[in-house]
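Please look over the chains below before reading on.

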Amino acid sequence: MKQDKAIAFALMLIALSAVSGLALITVFIFKEGLPLILKSGAGGFFFSTDWDPKAKQFGIFSMIVGSLVVTAGAMIIGTVFGLGLAIVLTIFCPKALAAILKPLIELLAGIPSVVYGFIGVVTIVPFIRDYFGGPGLSVLATSIVLGVMVLPTVTSISIDALKSVPRSYWEGSIALGATEWQSTHMVMLKAARSGIVAAIILGMGRAVGETMAVIMVCGNTLEIPSTPLDPLRTLTSNIALEMGYATGEHREALFATAVTLFVIIMILNIAALTIARRGIMSNNR
Amino acid sequence: MRLLSPAQAQKVAVATMWTLAAITIGILVFIIGYILVLGLPYVTWSFLTEAPRQMGRSGGILPMIVATVAVAGLAVLIAGPVGVATAVYLTEYTREGRLTSFIRFGADCLAGIPSIIFGLFGFVFFTITLGMGLSVISGALTLALMVLPTIIRTAEVAIRAVPYSYREVSYGLGTTRWQMITKVVLPSALPGICTGVVLSVGRSISETAAVMLTAGSAPRMPESMFDSSRTLALHFYILSREGISMTNAYATASVLIISILSLNVIAYWIMNRFMRRVR
Amino acid sequence: MSLKGLRSVSLFTAAFAIGVFCAGCGGKHARAVNLVGSTSVQPFAEFLAEEYLTAHPTENVEVQGGGSTAGLQAVINGLADIGMCSRSLTEEESPKFTATVIARDGLAIVVNQSNSVTTLTTEQLRGLFSGAIRNWKEVGGHDGPVRPITREEGSGTRESFVHLVMAKERISKSALTQESNGAVKELVKGDSAAIGYMSLGLVGKELKAIRVDDVEASRENVLNHSYKLARPFLFVAQGPLRPDAQRFMDFVLSKEGQQALESEGLVRAQ
């Protein structure tokens with residue numbers, strides 16, 4: 001019995017390693033980044049668009065806007081396609097076909113982000129430049145690349161959400177004379193709503209945090225984009241672009257950029273977890 | 001008011017959904033096809049077994065393959081036991097409560113953190129604070145933290161899927177809880193755990209941002225855990241971005257894509273066999 | 001936060017550190033000559049290291065990127081034996097280091113092949129990159145927008161460009177920023193509105209290098225100092241080099257090493 005207790009204790013310590021890892025990450029990122037935010041003040045850091053490390057100007061407003069804009073764009077694409085695919089796979093598609101398609105979608109999540117970025121640069125960017133104008137590296141190109149990248153996340157979590165809706169809901173709706181589509185959007189999507197919202201929020205988290213693909217297609221300018229064809233810089237691309245070289249305050253400013261990103265991500269994570277958990281409870285009731 | 005009758009709406013909606021699905025699959029096929037068509041012809045035996053020459057313009061990718069295997073392998077070797085132990089604790093040693101939801105919350109949040117933040121953390125913590133430098137081990141530890149949530153979650157699902165009767169039989173034979181777990185539960189859950197591990201290897205292989213900041217980019221054969229190294233994904237990034245050699249970039253990407261494809265197939269195959277046995 | 005959690009992690013890391021230390025002891029004496037710094041010099045240094053190691057298989061040389069400034073930092077921290085720098089040292093930096101010019105590199109101003117502009121003054125360049133000149137018409141080209149492409153903050157190529165061309169002006173906020181010579185090249189190749197700067201040795205045939213102040217961007221002109229946009233590639237150290245690092249340095253400055261650099265498009269040091 002004593003041995004069992006010891007094992008239980010040891011396992012508990014190990015089980016805390018994920019939480020400890022999270023804590024360590026938080027501590028180190030904030031330790032490196034927070035001093036600069038405090039020094040520059042909210043106005044000089046979050047709300048200034050003047051980023052010029054040589055002149056000790058560290059304003060990241062245009063990058064915050066950039067990150068949010070491309071995330072929104074990516075979510076429009078990712079949600080439309082991801083949700084559509086999830087509906088097809090769970091409702092309209094023969095089981096055998098779904099069994100082949102689902103792993104294929106998961107494969108999409110396994111492709112390295114550098115490959116996505118590269119394909120974006122050689123196909124989407126020249127296409128936009130030649131047919132729509134502008135430099136090609138743009139909000140539009142970034143949104144498309146990110147949209148494709150978040151699609152597997154949105155799809156697979158939405159599939160889980162749709163599958164967790166009791167079969168009887170569907171059958172009841174069909175029995176009442178509703179068409180399959182009516183049953184889908186009036187019953188299934190409603191019942192799976194919270195799971196789908198969680199899927200979208202988690203997708204947003206991925207889009208905000210994506211780095212290597214974005215750095216290749218966004219153009220990394222320092223202005224706030226005013227049209228979808230304008231280039232932009234995101235929080236992540238700012239970090240990856242300049243981290244290799246940065247020292248002193250410049251490095252602190254990049255960690256401060258990471259702090260900002262970290263806070264955005266944690267808000268999204270917690271929102272998704274809360275909504276997903278509430279959804280599971282309401283379905284189980 | 002209604003533009004379409006329910007029956008028409010049904011048709012339009014189904015057609016739209018199928019189009020969306022077809023486009024998505026089309027994109028997937030395009031990406032994989034594009035890379036493989038342009039790269040596969042250059043993946044020769046000597047490309048896989050030689051060191052790069054002239055910065056990667058010619059020669060092969062052997063050091064990068066070794067670096068990738070070392071970094072991803074070590075990462076999983078570290079995260080695997082920790083993740084499985086966590087899953088065992090969550091499933092076998094506690095009741096659901098504050099502590100378990102705290103642990104799960106930690107793992108879920110960790111899963112959502114972007115790789116660039118893992119990279120920055122690994123850079124200040126492992127390479128600088130702990131003095132490991134830009135090295136295979138720094139990269140592996142960083143990646144271990146990154147894939148830990150995946151391993152915890154898949155292991156938990158796998159352990160929970162082991163029928164309760166197995167445990168009862170084991171207890172009935174008078175074994176201790178630890179013996180029951182190591183001799184009965186874990187072996188039965190092994191395929192499920194393997195799936196998580198294989199998927200984590202895949203994720204480690206395709207990671208770039210975190211590895212770039214922690215394992216470095218020296219295109220040489222790592223001779224120990226403390227040598228800097230360049231993984232395949234980073235090699236592809238550098239070759240294609242610096243425009244050093246497009247054919248070698250495509251060939252490197254092909255090797256990456258094929259490894260990831262095979263890992264996914266393996267994971268899926270294990271999972272399928274496992275599910276069939278459990279049912 | 002749970003103290004226990006932190007403790008478990010520190011236990012883990014401690015265990016690891018011990019393992020790591022033991023594994024490290026064996027290899028300590030064989031530490032490679034470490035070069036860290038400019039990503040512009042990196043490929044050339046890798047190339048040199050490759051040539052050197054083929055001739056001297058018992059030696060060990062390792063090359064890392066990170067940027068010129070990071071390279072200097074690494075030398076100060078002792079992480080690197082030699083820092084690679086693709087710009088002149090600043091007044092603040094130069095007393096702290098011994099810098100050796102290993103080669104010189106021209107900074108080519110590149111535009112799309114379809115661009116009719118062939119020559120620009122330094123002043124015009126400054127205007128194009130600062131955003132003061134927004135239409136190619138203003139410098140004698142076609143009627144269309146100008147899209148300057150710059151390198152990322154901290155890159156030696158950017159710093160040289162700013163130093164040689166921009167003087168006190170700032171590069172426009174709307175300038176596209178790319179993280180490598182190759183990416184700049186790819187963009188300029190496909191965009192008739194683009195103008196960028198990059199290593200002369202990497203220009204190739206797909207881009208058009210502009211004459212600056214009516215001097216052609218060529219290796220001869222860099223060598224005879226008539227083309228003004230040129231920068232040194234430096235190997236930087238503090239104090240005397242380790243013997244093995246010195247041997248590598250000697251190789252780089254030898255006839256063979258210099259020829260290797262020239263074959264890669266650089267201009268020899270002397």
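Helices (H or I, at least four residues) and strands (E, at least two) are taken here as DSSP runs, and they are numbered from the N terminus. Residues are numbered from 1 along each chain as its sequence is written, while chains are lettered from A and ligands numbered from 1 in the order in which they are written. The model is a predicted one, in which local features need pLDDT of at least 70 and side-chain atom pairs count only at pLDDT 80 or more, whereas totals for chains, interfaces and linings use all residues.

Two residues of chain C deserve a look at their backbone. C:A167, found in the loop between α5 (156–166) and β7 (176–178) of chain C, has a positive phi of about 50 degrees although it is not a glycine. A residue is called buried if 20 or more other C-beta atoms lie within 10 Å of its own, exposed if 12 or fewer, and partly exposed in between, with the C-beta atoms placed from the backbone. C:A167 counts as exposed because it has 11 C-beta neighbours inside 10 Å. C:D214, whose place is in the loop between β10 (211–212) and α7 (219–223) of chain C, is likewise not a glycine and has a positive phi of about 65 degrees; with 9 C-beta neighbours inside 10 Å, C:D214 therefore counts as exposed.

Turning to the contacts between chains, two residues are in contact if their C-beta atoms, placed from the backbone, lie within 7 Å. Between chain C and chain A, the contact takes 28 residues from each chain. On the side of chain C that touches chain A, at least two residues each come from α1 (3–27), β2 (61–66), α3 (68–77) and β7, and α1(C) gives the most, with six residues. For residue classes, Ala, Val, Leu, Ile, Met, Phe, Trp, Tyr, Cys and Pro count as nonpolar, Asp, Glu, Lys and Arg as charged, and the others, Gly among them, as polar. This side of chain C divides into seven nonpolar, 13 polar and eight charged residues.

Chain A also meets chain B, with 63 residues of chain A in contact with 66 residues of chain B. Helix α2 (residues 17–45) of chain A gives the most to the side of chain A that touches chain B, namely ten residues, and that side has 46 nonpolar, twelve polar and five charged residues.

Within chain B, the domain assignment, whose bounds come from an automatic or database source, gives domain 1 (6–42) and domain 2 (46–278).
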